[in-house]
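Okay, thanks for coming, everyone. Let me put the structure up on the screen, and then I'll walk you through it piece by piece.

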Amino acid sequence: MSARPAELVFTDVRRDFGGVRALQQVSATVGPGQLLLVVGPNGCGKSTLLRCLAGLLRPQAGTIEYREDEGNPLTPEERRRRVGYVAPDLALYEELTARENLDFFARLRGIETARGHEVLAALEVPGSRNFGALSSGMRQRVRFAWALLHRPRLLLLDEPFQNLDDAASTRILGLLGEHLAQGLAVLASPTPLTLPFASGSIVELGLSR
């Protein structure tokens, strides 16, 4: 039996916080080689959606199914281990260097530390500098390196270009293009983006407050 391509399908996802509805009946399908661009103003639920997709939050209603080669939907716990996740509030150990942070998480995942060094080099991050001493743009590069560390099939990117200069954004886009050759991604942005990928590879989802 041939391997089934990775696929993400979520249907009628709803998430409330107290009496406030953050997401209401949100649905989309993302296949291999595709990027789902989620666009909407602050407070419309973009980050909440990505946290639900990552298995960090449980929706009140709706279904989320993410499959890889085995064909069976992964549990929320499995999604947390498998996906690559970038978010502005993702905190790493400030007293460790960028390289030490990635070495630590590589050992937790049982992968070679050389992989982290490779991604840091690709993003031109000074690996010997403490994470807490890095600029906001460099911290964002390290977050992206952390997300790519285990070569995930699904990337979830919450405003990944925040605080990045043009050169860093170009490098991130290059790595994202390489990723889409074998995987899929969901990218949340407050404004529409022009991305250098084939039009058929981009699916758009608009959210409103």
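Let's start with helix H6, residues 166–180, which lies across S3, S6 and S7 and runs at about 145° to S7. Before I go on, keep in mind that this is a predicted model.

So what is the sheet under that helix? Five strands form an open sheet in the order S5-S6-S7-S3-S8, and the pairing is parallel. Strand S5, 84–86, and strand S8, 202–206, stand at the edges; each has a single partner strand, so one side of each is left without a neighbour in the sheet. From one strand to the next, the twist averages 15°.

If you zoom in on strand S3, residues 35–39, you'll see 5 bridges joining it to strand S7, residues 184–189, with the two running parallel.

S1 and S2 pair in the antiparallel sense over 7 bridges, and they form a hairpin with 2 residues between them. Look at Gly18 in the turn, which has a positive phi of about 65°. Phe17 stands opposite Val20 in S2. On the S4 side, strand S1, residues 7–17, pairs with S4, again antiparallel, over 6 bridges. There, Arg14 has Ala61 as its bridge partner in S4.

Okay, on to the interior. As a reminder, in soluble globular proteins nonpolar side chains tend to be buried together. Here the largest nonpolar core has 36 residues, and Leu35, Leu123, Val142, Phe144 and Leu176 touch the most other members. Who contributes? S3, helix H3 (98–109), helix H4 (114–122), helix H5 (136–148), S6, H6 and S7 each supply at least two residues of this core. The largest share, 7 residues, comes from H5.

Leaving out residues up to four places away in sequence, Leu35 touches Leu176, Leu180, Ala185, Leu187, Leu195, Phe197, Ser201, Ile202 and Val203. There is also a second, separate core of 29 residues, which includes Val26, Cys52, Val83 and Leu207.

Next, H3. This helix has 12 residues and reaches 17 Å from its first C-alpha to its last, close to the 16 Å expected at 1.5 Å a residue. Which residues of H3 are buried? They are Ala98, Asn101, Leu102, Asp103, Phe105 and Ala106. To make sense of a pattern like that, remember that an α-helix has 3.6 residues a turn, so residues three or four places apart point the same way. The cover over the buried residues of H3 includes H4 and H5. And just after H3, Gly110 takes a positive phi of about 75°.

Last stop: Arg151, in the loop between H5 and S6. Is Arg151 buried or exposed? Arg151 is exposed, with a relative accessible area of 55%. Not counting residues up to four places away in sequence, Arg151 touches Arg115 and Glu118. Arg151 and Arg82 are 69 residues apart in sequence, yet their C-alpha atoms are 8.9 Å apart in space.

That's my tour, so let's open it up for discussion.

Definitions and conventions: Residues are numbered from 1 along each chain as its sequence is written. This is a predicted model: local features need pLDDT of at least 70, side-chain atom pairs count only at pLDDT 80 or more; totals for chains, interfaces and linings use all residues. Side-chain values use heavy atoms; hydrogens and water are left out. Two strands pair if DSSP finds at least two bridges between them. Helices (H or I, at least four residues) and strands (E, at least two) are DSSP runs, numbered from the N terminus. Axes are lines fitted to C-alpha atoms, for helices over the stretch in contact, and angles run from 0 to 180 degrees between N-to-C directions. Contact means heavy atoms within 4.5 Å. A nonpolar core is a set of buried Ala, Val, Leu, Ile, Met, Phe, Trp, Tyr and Cys residues joined through side-chain atoms within 4.5 Å. Buried means under 20% relative accessible area, exposed over 50%, partly exposed in between (1.4 Å probe, protein chains only). The expected span of a helix is 1.5 Å times one less than its number of residues.
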